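Dear colleague,

I am passing on the structure we spoke about, and would be glad if you could look through it alongside the notes that follow.

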Amino acid sequence: MLKSFTSTAFSGLRTVSQQQVRCIQVSARSLNVKDDSAPKAKRTVVSSAPEGTVLKGINYMKDGKDPVALADDAYPEWLWEINDPEVRNARIADPLDKKHHKEARRQAIKADNFIRDKKT
Amino acid sequence: MSKKAPAAAASLLRLVVPAGKATPSPPIGPALGQRGVKSMDFCKQFNDRTKNVDAGTPLPVIITVKGDRTFTFVTKSPPTSFFLKRAAGIEKGATNIGKDHPFVGKVNLKQVYEIAKIKQADDGMGHLSLKGICAGVIGSAKSMGIEVVA
């Protein structure tokens, strides 16, 4: 039975249990809803350190040298998305993503705590 | 913190020691002395093990002191904040962070990637993906007031 995680009626309830989140993910997978077949958009991010730039401050061994930047394509794709707030927000907006539920849970806890603080 | 046989209870000690420069009384001496370890022994071994590291680089070290006062230690890679400050070219992290305060430095994603590669070699990171470690480095940068740019 899925409990609503926005409910504040149950004083002990803080989080959606992991089981419930997993149930949501499993059912989405079985429906095959996520569609990765569309071709991914070409990366628009261009690094501020072009190939050949010395990445200063990384080396800390006596006999080593600071690493040199490779071409942008030599780095994994996820690196260019990891700092992108749009990618993150898209995940939070997607109800099939774990991040969505974690963020919803977080906001529910904040709201709950706010209400509790007001009383004291 | 691991108790093996009742006779040899081990205690863990976590310190940050500058490479090649051990033995000052304040950080190391009392901490080891309390557990019955001669700080000179540790310092000699530590300095020997870290002789290939740039002098003065802060290195976290985990010392396991056994019940019979013998010790072993493991050295880890420098703290992420150390790397970030050097990569951004700043001495100290920000005093205050947030939308009302400007950034104090800047690093790019390729530097973050290289830092994460170094961190990945540590023992405690075996279960983390490189992507996860990068995310951690970015988190550290943000909490220090360092902007992460592409």
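How many salt bridges does a search of the whole structure find over all chains? The search finds six, where a salt bridge is a side-chain nitrogen of Lys or Arg within 4 Å of a carboxyl oxygen of Asp or Glu.

Before the details, please note that this is a predicted model, in which local features need pLDDT of at least 70 and side-chain atom pairs count only at pLDDT 80 or more, while totals for chains, interfaces and linings use all residues. Residues are numbered from 1 along each chain as its sequence is written, chains are lettered from A and ligands numbered from 1 in the order in which they are written, and side-chain values use heavy atoms, with hydrogens and water left out.

One of the salt bridges joins the side chains of Lys110(B) and Asp72(A), at 2.7 Å from N to O. This pair crosses between chains, since Lys110(B) lies in helix H4 (residues 109–120) of chain B and Asp72(A) in the loop between helix H1 (18–31) and helix H2 (78–81) of chain A; helices here are DSSP runs (H or I, at least four residues) and strands likewise (E, at least two), numbered from the N terminus. Lys110(B) counts as buried at 0% relative accessibility, and Asp72(A) is buried too, with a relative accessible area of 17% (buried means under 20%, exposed over 50%, partly exposed in between, with a 1.4 Å probe and protein chains only).

Within chain A, Arg91(A) and Asp97(A) meet in a salt bridge of 2.8 Å, N to O; Arg91(A) is partly exposed at 35%, whereas Asp97(A) is buried at 10%. Glu103(A) and Arg106(A) form another, at 2.9 Å, and both lie in helix H4 (residues 98–119) of chain A, three residues apart, about one turn of the helix.

Beyond its neighbours within four places in sequence, Phe42(B) is in contact (heavy atoms within 4.5 Å) with residues including Ile28(B), Val61(B), Ile63(B) and Phe73(B).

With kind regards
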